[in-house]
Amino acid sequence: MNSSSIQSIEDVFVVGAGPVGLWAAAELALAGVPVVVLERAAERSPHSKALGVHPRTIEVLAMRGLAGLFLDEGTPVPRWHFGMLESRLDFSVLDTPYPFMLAIPQVRTEELLEEHARAKGAVILRGHTVTGLGQDGERVTLHVDGPDGAYTRTAGYVVGADGAGSTVRKAAGIAFPGTDTTSYGYVAEVRLSEPAVTSAHNEHGALISVPVRDGRHRIAGVDAHHNGAADPFTLEALRETTIRVAGSDFGMHDPGWLSRFGNATRVAETYRKGRVLLAGDAAHMHLPAGGVGLNVGVQDAMNLGWRLAAVARGEADPALLDGYHDERHPIGEQLAEHTLAQSSLITATSPDGAALRSLLNGLLATVPELSLALARKLSALDVAYPSDGHPLTGARVPGRFELLESGRPVLLHRPGALGAEAAALATAMGIDVVAGEPAWTTAAGVVVRPDGHVWWASDTADGAEVMTALRGLGATFSRAIRERTGRS
């Protein structure tokens, strides 16, 4: 499709066709919202920046029936690192059906997510670069350079998922405070004559080597003797670093990708400004430590998708979008904190740094609670949103993912605990009603949001109480209730 075939007005434009933009587009399309993705690159990059899908992201995929596709192609890794410490975090004890990091190249992740988004009806255009935008109270106007030249389009909302250098964020005037780069890391994909799965950390730097597809190995780390981006990063430079840190270059040759990166860490001041919203690296940039960036971004999109779909369909007050910033901005701040902490550990090559690493290695090996807390943080299974109601409200639901494949909320209640009138009201609100024990809790009834967090819960959940609760939730969806029930 070229620019001339795009409708003049769309409900939502998503800028960026990485995993975050693709997931946001798929969620909108699932809800029946017309959505167009604009991607500046003419073709997908052959290089995989990310290699891992963490447990909560697999749960997100399971909520839409996609987990099996990824599990079939990925490799489960039940022990993962924090700051490249030798004592690994044990994911196998996590409270999830997916107690592991799933190793799968980002290239394949993007291919699977793009197939999913297109199947739901999202339009994805490559070679279309957003150069600026403007907005008023009713719409956003995008300025785009496409294959056929420059053009403008208007939409109700725009999602910026266009990376750390986000044009959308800059054009919307959203500040991006944080810290500048103080150290540099490197990443490369090469072939090895002496394949090795190894890690090392000493006074010369840090290194980890793992196999990726097509017979290549990913080598990443830091070099204590070269801390800067100015020097060219060549195969010979990588070879010298690897020999210093690991004692061998493992016969590396045929480089496919060589890159340096810094540990600059920033979080957008707001994730929403009017009709412009940010997700993924456009909202938070950081050292790629622990392989969490892609995952937090997809979880951003999951939180945003159902909200924006309801607003774009005219079924919810735009204030519902404020909850996206309120819930996800603190997660971005936590991400910044623990990746900065990991940066300090990875670059701790001095004697005092070695002492710190030795102390933490010992604690991780002997204090299971510490290992579990960090594993839950990296996996995002510890994410629970604030609530002033029932203790379960805002909590992650650890199972029954198949109930959410429609992308609609679910009212799960004990058999016999719900009256016909309450069930009818829930249905009128677009909430699926399912009788069955909420196995993860003693609550008699819960409403689960489309993103797998508890919206409302009750220990008794009789018909009258559910009616009151649904009307409370429905204050946000008042237009939908009026249309579907005939109430004034």
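Helices (H or I, at least four residues) and strands (E, at least two) are DSSP runs, numbered from the N terminus. This is a predicted model, in which local features need pLDDT of at least 70 and side-chain atom pairs count only at pLDDT 80 or more, while totals for chains, interfaces and linings use all residues. Residues are numbered from 1 along each chain as its sequence is written, and side-chain values use heavy atoms, with hydrogens and water left out.

Two strands pair if DSSP finds at least two bridges between them. Three strands make an open sheet here, in the order β3-β7-β4, and the pairing is antiparallel. β3 (52–53) and β4 (75–77) stand at the edges with a single partner strand each, so one side of each has no neighbour in the sheet. β4 is joined by three bridges to β7 (residues 101–103).

Now turn to a pair of helices. α9 covers residues 351–366 and α10 covers residues 368–379. They pack at an angle of about 100°, and their axes lie 5 Å apart. Axes are lines fitted to C-alpha atoms, for helices over the stretch in contact, and angles run from 0 to 180 degrees between N-to-C directions. Angles under 35 degrees count as roughly parallel, over 145 as roughly antiparallel, 65 to 115 as roughly perpendicular and the rest as oblique. α9 and α10 are therefore roughly perpendicular to each other.

Which residues of α9 and α10 meet? Leu363, Leu364 and Thr366 in α9 meet Pro368, Leu370, Ser371 and Leu374 in α10. Contact means heavy atoms within 4.5 Å. By class, this contact of α9 with α10 has five nonpolar, two polar and no charged residues. Ala, Val, Leu, Ile, Met, Phe, Trp, Tyr, Cys and Pro count as nonpolar, Asp, Glu, Lys and Arg as charged, and the others, Gly among them, as polar.

On a 1 Å grid over the protein atoms alone, a cavity is a set of points where a 1.4 Å probe fits but cannot get out; a pocket is an open set with protein on both sides within 12 Å along at least five of seven lines; lining residues have an atom within 4 Å of a point. Grid points are joined across faces, edges and corners, and a volume is the space filled by probe spheres set on the points.

The structure holds four cavities of 30 Å³ or more. The largest cavity has about 130 Å³ of space. Its lining has 14 residues, and Val296, Ile331, His338, Lys377 and Ala380 lie nearest its centre. α7 (293–312), α8 (322–346) and α10 each supply at least two lining residues. Which helix gives the most to this lining? α8 does, with four residues. The lining divides into seven nonpolar, five polar and two charged residues.

The second largest cavity has a volume of about 80 Å³. Its lining includes Arg56, Gln299, Ala380, Tyr385 and Asp451. Here α7 gives the most, with three residues. By class, five lining residues are nonpolar, three polar and three charged.

Of its 22 lining residues, Glu327, Pro386, Thr393, Arg449 and Trp455 are the closest to its centre. α7, α8, β25 (454–458) and α12 (463–474) give two or more residues each. β25 gives the most, with four.
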